[in-house]
Structure formats: structure tokens, C-alpha cells
Amino acid sequence: MLKTATLLATTSPFENWAVNAAYSYLLAKVTEEEAILPTDKYIAFDWSFSEISAGHEGIKLNWNQPLSSKNQFASLRITSATDVREVLVLEVSTAKTGKKIADWDMRFAALLQPFELQIPQEYLQAVFDEGITLKMAKGTKPFWFFKNNHSAKTAPKAYLPHLLVYEKGTNKEAESSDRWKDRLLSFESLQTFGWQQGIVWDGLLEMSKKSVKAKAVLTQQLDLYFANNSLVYCNLNNVKTVEKIHTVESILPFAILAQTNPTHPLLKTAIEFCEAHANVEGVIADGTGNNRMVKTEECYTVSYPLAVLAKTLNRPDLAQLAIKTLQSRISILEKGTRIYQRGTEQGELFFENWSRGVAWYLLGLVKTLVHLPQSTEKEALKISFQNAVEKVMSYQQSNGLWYCFFHMPKTGLETSGTAGIAAALTYGYQNGLLNQNVKEAALKAQKGLLSYMTPDGFLHGTAQVNKGGDTLQQNGFRVISPYTLGFLAHFTTT
């Protein structure tokens, strides 16, 4: 049955969008040999999975039902159950006649990332009649994806193999607010533990100030990782990890844990990790000696959690670590009109004006500022934040978005950076750190993002997670990344 929603527009484009939208998930039956997981590997949450490997005939998906209407579009989706560190392409063909539909590009797929392929209209009837075959065309390692086994150990529907079917005429530029909230306020926003899951939880935390459901979902998701005073998760090598923190980018979830469960024993583990990664000046970074790399990510994933922990636990020393870590990023990574995503402490710089890197920078500054106690250092950081915002706003395009690299239009418009920047601007003016013209820029960005929403409420147009270097970020490849829903959540508190 198709779902419908009609709502009235309000001040924020993300509050209620006027549209009559209809879509449905048609779950696929997966025909395959039973996938056997190596004994040293683990699938997130023990969800059921399937495997596609090089040199094998592939797997078949079918729906065992007719196409209900010719007045429809359909997109094929599957969700990665592993972290891919190579170019991965799946050949998609009709299951019986073998007609090739597409080469499906899933390069550098992230754990818990759904991929979407629009089915050309001329193949849609055959897909329903025959099903499809998925076979590895490029790739060397087994690709695992979630499948339905009709049990409690099954991924949520949006993460299972399915056809997203929607009617011609659906207004994708003004999708209902309930659709993206449906995705966020469920297990369909679960992400890899670390910065991705932290963004989702940070957004849910903001929404929970006004939403009982958001608070309940946040608690449920936290319990999947932090139950029983422990921490258990699937790491990027599909290894079950217990009470270990691997990088400074994995500290962000503890900002939310500290605000929801301030006595959790794993907060001590996070603090000890940060202290162990601080140099004599109190600057936190991964690496040692001359091999330390400072990144804008740590403004958000380290300084913000430390500021929260300092306030929650009455630890002024942690506030100083947060300040020193921010000051180092400002000193090293901001140069004139440019903000670099990373650099060595010796001055070598990389990723100039990368929009997602700038989002980390602004979010880290503004979130840390809100939680820090008053001081002369805080006032200086506030001025740095406001100056950075002015620079960033000068690069905003007429449609409200930013290019993937601000100064390089050929890299294309990009939604995760835009959403993250808009979230930082929104949070800044909500907390009295920014003025009215910034609010207008944030609302302009929110409106610009509407055309990138899928009918069921995921945000498309995101540059892939940064495992492929400059080339991957600059070549226009775009994906769905559910963590971006956490950015959108900030808009609803306006």
C-alpha cells in the first residue's frame, strides 16, 4: 500500500513541506547460496546478510508480484554490511533474459550505507516479471549486504534489498517532513560507530528537546551500543569491538552519552583516550611526534565532547584541552579566505575549502562555545567563529548550497557539507552567537536541500566518505549517507 502525506508550509522548509507524496518499499526475495561469515568477522547487530563475490554468478532478487501501475518509477536499493576500500561495481541484469540494466557504482561503500539505482522505465516491467541478477563486475573482496530473514535479527526495511516505488508526479522538491523524520526516528538512521553515528545522535539530542519520540529513539539507539555499562560495535574491519576507541573521530558519541547518561563508566575511557592523545601543549590529535595530523573533524569530534564532559563532570582541565585543540586548528588550518580540512603541525596543508571539512570546523567551534564557561579564551574563539562564518557565507551559491570545494565549481554542489554548515549556522543564531543575516543564509540552504530528498526522506547528493582522497571528492560521485539526517534535525528546532 502506498503511503501518503499532505502538510502545510511553515517558517522553516524542514518543518512541514506542502506535497502529496506516495511511495512504497517492495522487499526483495534473495536467492543465493548461504553466505558463510568467517569466524573472525562480525555483522553489525547480528543482522542477516548476503554476499556477492568476484568470479561467482551472483545473486538473484525477485518480487513475485506484477507491476501494479505503469504510472510509476522504481529505484533498486541495497545497503552495505561492510566497509569497502576499493572501487566496487555490480552488474545489474534481468534474471531470465540476461539484459544488462546498468553497472552499479558502489565505490568505497561505507558500512550501513544504502545505495540506490534508478531502474530505467524500459526495464521496469522485466524487473517485475523476471527479477534481477547482481554480479560483481569490479572488486576483489566479498561484498556483504543486509537481507531479510523474517526474524528479529533483520535490518530495518529501508536497509533491506527493495524497490522504492513511487508514482509519476511525486513532487521530489517538496517532500513531506514526516518522510525524513520517519527515517531519522527509527533504526534506519543507525550508522557506523564514530563520527557518523555521533552526528545522528547529536541531531536526535537536539530534536529531543521538543520531541518525546526523538528522546525515546535516541535512548533505543544508544542502548544498542552502550547497554550494560559497556560499549559493543562492529568496526570497519567487520570485527566485533568491545570497550575500545580507535581514533579521535570516535569521541563524538560520548558528547551525547555524557548529556544523557553522565555516570556511564565508558566516559572515563573516552577521557583517558583524549588525554593519551594530547601533546605537552594540550593539543589532541592522532599520531605521534612529527607524524601528528590535525583535522577540522576534531573540532567537532573532540573539543565539543570535552567541553560537554568538562561541564558535566566539573573538570576544568578538560575544558582547557578542548580550547587548546580548537586553537591549534584555527592557527594551522585557517589561512585568509581558506579553511583546510587537515594539516601537519609543521605546516603542510590539504583539502582546501572542502565543504564537509568546513562543516566540522564550524560545528565544532559553535558546539564547544555553547558548553564552555566564560573566559577570555572563549571570547577569542567566539570572534574566530564569527569571522569564519562570514568567510564561508561568501561562498554560498544562489540556490543556497555550497560546492564540494568552495572555490572549485567543477566539483559540483554537495549536500552533506551544505547541511552541516547550515546546522552550524542554525545552532549559532539559536544560541545568540550569530545575527539575523546568518539565519537567512541557513534557511536558504535548507530550502536548497529540498530538491535532493528522496521520496522516502533520505538526503541524496553527498560526496562519498573520504577514503579515496582528492580524486573521489572532486569527481562528482554522489551517494546517500544517512548520517546527514542528524544535520537536518537541527533545522526543526528553529
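Two strands count as paired here if DSSP finds at least two bridges between them. Strands themselves (E, at least two residues) and helices (H or I, at least four) are DSSP runs, numbered from the N terminus.

This is a predicted model, in which local features need pLDDT of at least 70 and side-chain atom pairs count only at pLDDT 80 or more, while totals for chains, interfaces and linings use all residues. Residues are numbered from 1 along each chain as its sequence is written, and side-chain values use heavy atoms, with hydrogens and water left out.

I'll start with strand E6, residues 72-79. Of its 8 residues, 7 are buried, meaning under 20% relative accessible area, with exposed being over 50% and partly exposed in between, for a 1.4 Å probe and protein chains only. E6 pairs antiparallel with strand E12, residues 162-167, over 6 bridges; there, Arg 77 stands opposite His 162. E6 also pairs antiparallel with strand E9, residues 114-118, through 5 bridges, and Thr 79 faces Pro 114 of E9.

Next, the open sheet. Its 5 strands are antiparallel, in the order E3-E5-E10-E7-E8. E3 (29-31) and E8 (100-105) are at the edges with a single partner strand each, so one side of each has no neighbour in the sheet. From one strand to the next the twist averages 30°; angles run from 0 to 180 degrees between N-to-C directions, and axes are lines fitted to C-alpha atoms, for helices over the stretch in contact. E7, residues 89-94, runs antiparallel to E8, joined by 5 bridges, and Val 92 has Ala 102 of E8 as its bridge partner. Helix H1, residues 121-130, packs on this sheet and touches E7, E8 and E10 (132-138), its direction making about 90° with that of E8. Contact means heavy atoms within 4.5 Å.

Last, helix H8, residues 316-333. Its 18 residues should span 26 Å at 1.5 Å a residue, and the end C-alpha atoms are 26 Å apart, which agrees; the expected span is 1.5 Å times one less than the number of residues. Buried residues in H8 include Leu 318, Leu 321, Ile 323, Leu 326 and Ile 330.

Which helix does H8 come within 11 Å of, axis to axis? That is H10, residues 376-393, and the axes cross at roughly 35°. The contact involves Gln 320, Ile 323, Lys 324, Leu 326, Gln 327 and Ile 330 of H8, with Glu 377, Leu 381 and Ser 384 of H10.
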